[in-house]
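Here are some notes to read beside the model.

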Amino acid sequence: MQTDAAVVVDIPGRGKGLKAARKITSGESILSDLPILIAPNDDGEFCSACLRTLAGRNDTVACRDCGQATFCSSNCERLARQDPAGHSPAVCRVLARLDTHGLSAESIATLHFLVQAQALFMASAHEDTARGRWAAFAGLTGAADSKARDSSDLFRRLSTATFSAQLPHMAGGRPFTPEEVADAVAKEELNGYGIMAPSGPEGERNIRGTALYPNASLINHECLPNVARTDNFDAPDVQAPNNTAVHFKALHDLPAGEEFTQSYFPLHVSYPMRQQRCQEQYGFKCSCPRCKEESTWPEDDEADDLGEEDTMETEGEAEPAAREAEMMGDAEEGEERADAGYIQVFLLKYVCPQADCFGTLVPTQPGSSVQECNMCGCQRTEAQFLADLEAAHSQDTMAAA
Ligand SMILES: C[S@@+](CC[C@H](N)C(=O)[O-])C[C@H]1O[C@@H](n2cnc3c(N)ncnc32)[C@H](O)[C@@H]1O
């Protein structure tokens, strides 16, 4: 791994995970990772290779063979055609022959992902770089660890198109078996990062595509995470494929040996919804310190009700900064259950305050108290945070009176 900050470890009950190889400072970048494979949505809005926004560009190139890929530039087209799991001749031939009749947009996207994953597998029989990428793909958690959904229809459509495409240059490789299709589908579901587009005029969020990363896909979930992801697929000054990297920064200081955890959902999501999504989407029961605490709360007492009387500690009249330290300090390292006050301050500190954004605020630099939202890009200073904390405290005091 290209970082001295993280090491891969086996964690009982969680499979593989990443731990801090040394002491980490708040705002430090702990990992930057390029994808093993990117599966674009192919709806014509984003580059099929690097997922850059196409609107406003005058150098886009559409694939004339399959008609199912558009690139932001001739450079991306060239890179995609050279990449066995990008838009290589093999992928293009199979895509052109896929029967997608009657499938939902989500299943079509999964089928396209399977075409690319299978092409990577077939190329790994005779190409060294494909072999390394396939090894990373094969190492991701998959069907054996989850309730794989029925993928027999996807297998049938994939194998029919593959057979009809006749892939002469794929000598040595072979198509996926039904079990390999089920495993690849599970790998996408359990490890895929949905790459979000900037919000539309009505606040709607499109997904550009799904990407699997060799190391970032190993970071486990907790509902009070200590790292958060940033990316910049539309960075004008970063050439493909480097714009497809994801970066993880520490939200606060961490001791050596601490497991890096991210939240698989926006931080404000309620306890029942988080439990359901961990179980149904990822196949595990979340018993993190926040879930342990919130499992004892009355049902309608959602985590995002920050002003609720019984979730706020109102003792004493400490200054805001002292109050933050006091409350954040309540959750001792390794403690099993987070304190209600700690959860409240954590959410105030890290949930983006912009209406309907729900991004995570991440320190801009190591040691900096200025935070930036990983979704909308808004910034907040320590003074603004302390004012927000004070306002929440006053609201609670009034509600309690
Ligand atoms: C993106 S992968 C993370 C890496 C994974 N642990 C591995 O071994 O490759 C997601 C999977 O990790 C496991 N996982 C993540 N967070 C967990 C948690 N808090 N408790 C138990 N299992 C967890 C679940 O099996 C989940 O489907």
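1. The largest nonpolar core has 91 residues. A nonpolar core here is a set of buried Ala, Val, Leu, Ile, Met, Phe, Trp, Tyr and Cys residues joined through C-beta atoms within 7 Å. Buried means that 20 or more other C-beta atoms lie within 10 Å of the residue's own, with C-beta atoms placed from the backbone. Ile 30, Leu 37, Leu 114, Ala 117, Leu 120, Leu 158 and Val 181 have the most contacts inside this core. Helix H3 (residues 105–123) gives the largest share, 11 residues. Helices are DSSP runs (H or I, at least four residues), numbered from the N terminus.

2. The model is predicted: local features need pLDDT of at least 70, side-chain atom pairs count only at pLDDT 80 or more, and totals for chains, interfaces and linings use all residues. Residues are numbered from 1 along each chain as its sequence is written.

3. What does Leu 120 touch? Its partners include Leu 37, Pro 84, Trp 134 and Phe 137, not counting residues up to four places away in sequence. Contact means C-beta atoms, placed from the backbone, within 7 Å.

4. Now H2 (residues 89–97). Ala 90, Val 91, Cys 92, Arg 93, Val 94 and Leu 95 are buried there. H3 and H5 are among what covers the buried residues of H2.

5. The axes of H2 and H5 (residues 152–165) come within 8 Å and cross at roughly 120°. Axes are lines fitted to C-alpha atoms over the stretch in contact, and angles run from 0 to 180 degrees between N-to-C directions. Arg 93, Val 94 and Arg 97 of H2 meet Ala 161, Thr 162, Ser 164 and Ala 165 of H5.

Terms used: Buried ≥ 20, exposed ≤ 12 C-beta atoms within 10 Å, placed from the backbone. Helix = DSSP H or I, 4+ residues; strand = E, 2+ residues; numbered from the N terminus. Contact = placed C-beta atoms within 7 Å.
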